[in-house]
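Here is a short walk through a protein model. Keep the sequence and the 3D view side by side as you read.

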Amino acid sequence: RVLKWERHDAAKMEMDALDFGNLCHEALEQMGLDEAMVSTVDPRELRDFLWEKMDVRLARYGSNLSLPLLVQREAARSRLERFAELEVAQRVEGWRTRHVELKVGKDLPWEIDGQAVSMQIDRVDFHPRHGWRVLDYKTSARADTPRAAHLRRFSEKRRTFGATMPAARGGDEVWKNVQVPLYAAFVQQWLG
């Protein structure tokens, strides 16, 4: 634990959900750190860059990937290809990446009411007319809306974070976790 070593399964034949997420996240982080890739409006160029970075990470599994790894690689390629298309469309609309893998609490000290806050933000973008936005990458096969991922029906029996909010179909909703409220507070305090 002191050396921050992790167990390594040398016989691992496929990625678990964390490995798959890290595979995609690392390629996206590399994109955000590369000036040419942050500004390109060519979806093929961006896709090829992401695939290349992903393949570098996949090399840890050896030169002959198992069938499950080949399937996972194709799933990741498909998602990153679609990402490249959407990303370029956002750039054409005027969005620009300003921060990637921002480590709040480490790189940027932050407190709320005297309590230190630590979190890692996947990406922060800026648009001259719309302002700031925080992106949190998700790599699951099924996409949830932010509302479904972060809000739940209010219940007197369960602990809540913050005030209730009106739900789309009546009743009230509350935060499932504090991720989005923390992002909002951070953007308001640090980015304006």
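Start at M31. Leaving aside residues up to four places away in sequence, M31 touches M37, V38, L46, F49, L50, F83, R91, R123 and Y137. The model is predicted.

In soluble globular proteins, nonpolar side chains tend to be buried together. The largest nonpolar core here holds 22 residues. M31, L46, L50 and L80 touch the most other members. Helices α1, α3 (43–58) and α4 each give two or more residues to this core. Another core lies apart from it, with ten residues, including W110, I121, V124 and V187.

Now turn to the largest pocket. Its volume is about 980 Å³. Of its 32 lining residues, F83, L135, D136, Y137 and K138 are the closest to the centre. α4 (67–92) is among the elements that supply at least two lining residues. The lining has 17 nonpolar, six polar and nine charged residues.

K138 forms a salt bridge with D136, with the closest N and O atoms 2.6 Å apart. K138 is exposed, at 58% relative accessible area, and D136 is partly exposed, at 26%.

R47 in helix α3 and E81 in helix α4 are 34 residues apart, yet their closest N and O atoms are 3.3 Å apart. R47 counts as buried because its relative accessible area is 17%, under the 20% cut-off. E173 in strand β8 is linked to R147 in helix α5. Elsewhere, E87, R91, R123, D125 and R133 join into one network through shared partners. The whole structure has 13 salt bridges.

How values were computed: Residues are numbered from 1 along each chain as its sequence is written. This is a predicted model: local features need pLDDT of at least 70, side-chain atom pairs count only at pLDDT 80 or more; totals for chains, interfaces and linings use all residues. Side-chain values use heavy atoms; hydrogens and water are left out. On a 1 Å grid over the protein atoms alone, a cavity is a set of points where a 1.4 Å probe fits but cannot get out, and a pocket is an open set with protein on both sides within 12 Å along at least five of seven lines; lining residues have an atom within 4 Å of a point. Grid points are joined across faces, edges and corners, and a volume is the space filled by probe spheres set on the points. Helices (H or I, at least four residues) and strands (E, at least two) are DSSP runs, numbered from the N terminus. Ala, Val, Leu, Ile, Met, Phe, Trp, Tyr, Cys and Pro count as nonpolar, Asp, Glu, Lys and Arg as charged, and the others, Gly among them, as polar. A nonpolar core is a set of buried Ala, Val, Leu, Ile, Met, Phe, Trp, Tyr and Cys residues joined through side-chain atoms within 4.5 Å. Buried means under 20% relative accessible area, exposed over 50%, partly exposed in between (1.4 Å probe, protein chains only). Contact means heavy atoms within 4.5 Å. A salt bridge is a side-chain nitrogen of Lys or Arg within 4 Å of a carboxyl oxygen of Asp or Glu.
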